[in-house]
Amino acid sequence: MCGIVGYIGNKQAAPILLDGLVRLEYRGYDSAGLAVRDDEGRTRIVKAKGRLKNLDEKTDGGRSMPGRVGIGHTRWATHGQPSEANAHPHSSEASISDKPCIVGVHNGIIENFQELRDKMIRKGYSFYSETDTEVLIKTVDYYYHKYNIGPIDALAKTMVRVRGSYALAVMFDDHPGEIWVARKDSPIVIGLGEGENFVASDVSAILNHTREVCYIDNLEMARLTPEGFSVYNIDGDEVEKEVSTVDWDASAAEKNGYEHFMMKEIHEQPKAVTDTIHSVVKDGKIDLSGIGLSTEEIQKFSQIYIVACGSAWHVGMAAQYVFEDLVRIPVRVELSSEFRYRCLPMSPDGLVIIISQSGETADSLAALREAKTRGMKTLAIVNVVGSSIAREADYVFLTLAGPEIAVATTKAYSCQLIASYLLAMEFGRVRSTLDDENYAAMLAEMETLPGKIERILSEKERLQWFSAKYAHAKDVFFVGRGLDYAICLEGSLKMKEISYIHSEAYAAGELKHGTISLIEDGMLVIGVLTQDGLYEKTVSNMVECKARGAYLMGLTCYGHYVIEDTADFTVYIPKTDPHFMASLAVIPLQLMGYYISVARGLDVDKPRNLAKSVTVE
């Protein structure tokens, strides 16, 4: 959600800020703004509602805002509707005095903003917006001037009194050569250059300029100048920070000839899957030493809890079947937003697996912290090195999907599946529930998955035709059993999130328990049939739908041609180990979601009301 970019150095700031904000568009936003300080110390703020092109036009691509230090922001409305007044940056100008003002941008939600606002009004402040961000900036201003203290102390006093999550970047008029940042539960990263430095809510915003970064931890602040940076804890003491190198290539965040990022990322899945496999498979064996898991620890776990949101939760649903079959260990899959508020009895020898593409998902991060307070061991499957979840988990499986820009996940989902398979297989081997012969056979079959994904992608024209035919459907049902049900969950989400068609996924055996009453003439029902032992039962459920007027699409493996006697349209995928079927079956469903969205003329990469990384509760 919301994006922050800041620059301080020897170049013109505004064009750099605009470029960074463009690279954060995938996070979702409804307005944007810049604040740039010129060489004479004057700060100019320009805001625009809607897409970044509106801000670009108002600033002539940044050229009408001279200055070498500035901050920019894309806003996702929380407190207050989308408008120029509510857009960031916000200023303390409407304060009780004409003292030097403070300008800032903020990601997150301030939970006690009304309490703070009322206090500031009593102190003589007035407000021009409905936002919690203006309240936050004026709270900093209040402590800054009341106690006549420096930026670090003013920020620290504010942080102590604020409840909620935030990443904050501010400029003080009387500290013209500095940008200050602070964070709690919302990501912020510092980028290091030669004679220039950057700040951003996501590393993708600054990859064009640097790959040397420093991650700020919770309740820390930082001061940026053109020459360097310093980081401080909540007590104001300077702390040492490690500088990391980001391996992502800046070109990975470009479309490279594809019309949309989503289609590019769908086609990047073979490489992403290959890279993730080879990150832990060495000489025909799975090596989890880099993750930090030892054989002794794997043998001790008595239960697994998988906690995630959205598509990552769908990965957990698939992983549940794989773990329980290969490891013979109880597995619970929990939504992060529910897990953190439940009094769930947990085995002290259990392992909590947190799955998150960004590593900053607010509910998943809170769930991880809740698990740790209960004394549980935690393992993170994440795609972003240095992210909060990656830094706080006991063990980390880093997927190698590279930057994913489209809001609807594709390659990150596929890599999370691979990570889940590899963990289940190694757990099974160590705990002697998976014998050496089957272990070796599964590893060999896993190596064939990238090639089989490429085959599916090479045969996508029929799907494009079919998707155009059903582009104006009003309701779509996905049905399957076992692992196929987990696949249906992701297929349904892909359909609804980018095409805005109402779709639902059902365990096929549940249709008769109420849902089948919704079937009408012409309704599209998609049956996923990749599990041989459940194939005939799902076909029977599809036949029941057809008898009530449904139009049937079947998704199954080559060889199951009898489905054509039932389905009106069939998509075939190569056979693989049944545990790995989700990795292949999801590809046609991703393509369907994409093609239907395109046929409907929608914004594929940035669907309405959605954000790539949900960093607030």
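1. Rings of Phe, Tyr and Trp, the last taken by its six-membered ring, count as a pair if their centres lie within 6.5 Å. With that in mind, this predicted model holds 18 aromatic pairs, and one aromatic cluster in it is formed by Trp465, Phe466, Tyr470, Tyr551 and Phe569.

2. A pair of aromatic rings is described by the distance of the centres and the angle of the planes. For Trp465 and Phe466, the centres are 6.5 Å apart and the planes stand at 50 degrees, a tilted arrangement. Trp465 is exposed, with a relative accessible area of 53%, whereas Phe466 is buried, at 0% relative accessibility.

3. Trp465 also pairs with Phe569: their ring centres are 6.0 Å apart and their planes meet at 45 degrees, so this pair is tilted. Because Trp465 belongs to helix 16 (residues 461-469) and Phe569 to strand 27 (residues 569-573), the pair ties together parts that are 104 residues apart in sequence. Phe569 has a relative accessible area of 5% and is therefore buried, the limit for that word being under 20%.

4. Apart from ring pairs, please look at where charged ends sit over rings. The charged end of Lys138 lies over the ring of Phe127, at 4.8 Å from the ring centre, and the charged end of Lys157 lies over the ring of Tyr147, at 4.7 Å from the ring centre.

Notes. Residues are numbered from 1 along each chain as its sequence is written. This is a predicted model: local features need pLDDT of at least 70, side-chain atom pairs count only at pLDDT 80 or more; totals for chains, interfaces and linings use all residues. Side-chain values use heavy atoms; hydrogens and water are left out. Rings of Phe, Tyr and Trp (its six-membered ring) pair if their centres lie within 6.5 Å; planes under 30 degrees apart count as stacked, over 60 as edge-to-face and the rest as tilted. Buried means under 20% relative accessible area, exposed over 50%, partly exposed in between (1.4 Å probe, protein chains only). Helices (H or I, at least four residues) and strands (E, at least two) are DSSP runs, numbered from the N terminus. A charge sits over a ring if NZ of Lys or CZ of Arg is within 6 Å of the ring centre and within 35 degrees of the ring normal.
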